[in-house]
Amino acid sequence: LVIVYLVLVIALLWVQLSTLLNHRLNNYGVMLAKGMSWYKIKLILYIQIITCTLLGAITIGGLSEIIGKFLFNHAFMNSSVANLGRISLGIQDFTLLPIQIDVFLKIILLTALLAMLVLEVLLRQMPLNKNTNPMDLL
């Protein structure tokens, strides 16, 4: 399951980041022509990746918590299955879709690291280094 996750995330990141880089290639050439150094462009891309990963994690974590606790759990607590569990098993508090914060943070960290790794591989394939002529990107 972990290998499937890794392959799926890497493939998704590869497609998204290569599309992002190719669509902005002319912009990078303009930035280089105006005097911005190549490592500042790379730094901007890394900051963007980290910011997007964190914002996505906060959004999906919050939505999962809201939907999981308030909708699914409240709907399930009134069901006959929950009543059967209370009576026969003595379980008073059911939690559907529990979010373990440590596992969630590990997944977010792994995703951010994979995004930066894919970005670095894609940047190494691009002609964006200290010897780049801005005309090569325009």
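Helices here are DSSP runs of H or I, at least four residues long, numbered from the N terminus. The model is predicted.

**Exercise 1.** Find which residue with positive phi follows α2.

*Solution.* Go to the end of helix α2, which spans residues 25-33. Gly-35 follows this helix. The phi of Gly-35 is positive, near 110°.

**Exercise 2.** List the buried residues of α2, then work out how they are arranged around the helix axis.

*Solution.* Step one: apply the cut-off, under 20% relative accessible area for buried. Tyr-28, Gly-29 and Leu-32 are the buried residues of α2. Step two: look down the axis of α2; its buried residues fall within an arc of 100°, so they line one face. Step three: recall the general rule. An α-helix has 3.6 residues a turn, so residues three or four places apart point the same way.

**Exercise 3.** Describe the largest nonpolar core and state which elements give two or more residues to it.

*Solution.* The core has 17 residues. Among those with the most contacts inside it are Leu-13, Tyr-28, Leu-45 and Leu-119. Next, assign the elements: α1 (2-23), α2, α3 (38-77) and α5 (101-125) each give two or more residues. α5 gives the most, with six. Finally, take Leu-13. Leaving out residues up to four places away in sequence, Leu-13 touches Ser-18, Thr-111, Leu-114, Ala-115 and Val-118.

**Exercise 4.** Decide whether Phe-70 is buried or exposed, and name the surface patch residues.

*Solution.* Phe-70 is in helix α3. Its relative accessible area is 52%. The cut-off for exposed is over 50%, so Phe-70 is exposed. With Leu-63, Ile-66, Ile-67 and Leu-71, Phe-70 makes a nonpolar surface patch of about 490 Å².

Methods. Residues are numbered from 1 along each chain as its sequence is written. This is a predicted model: local features need pLDDT of at least 70, side-chain atom pairs count only at pLDDT 80 or more; totals for chains, interfaces and linings use all residues. Side-chain values use heavy atoms; hydrogens and water are left out. Buried means under 20% relative accessible area, exposed over 50%, partly exposed in between (1.4 Å probe, protein chains only). The arc is that of the directions from the helix axis to the C-beta atoms. A nonpolar core is a set of buried Ala, Val, Leu, Ile, Met, Phe, Trp, Tyr and Cys residues joined through side-chain atoms within 4.5 Å. Contact means heavy atoms within 4.5 Å. Patches are made of residues with over 30% relative accessible area and no salt bridge: like charges are joined within 9 Å, nonpolar side chains (Val, Leu, Ile, Met, Phe, Trp, Tyr) within 5 Å. Accessible areas come from the Shrake-Rupley method with a 1.4 Å probe; for residues, only the protein chains shown count as cover. A salt bridge is a side-chain nitrogen of Lys or Arg within 4 Å of a carboxyl oxygen of Asp or Glu.
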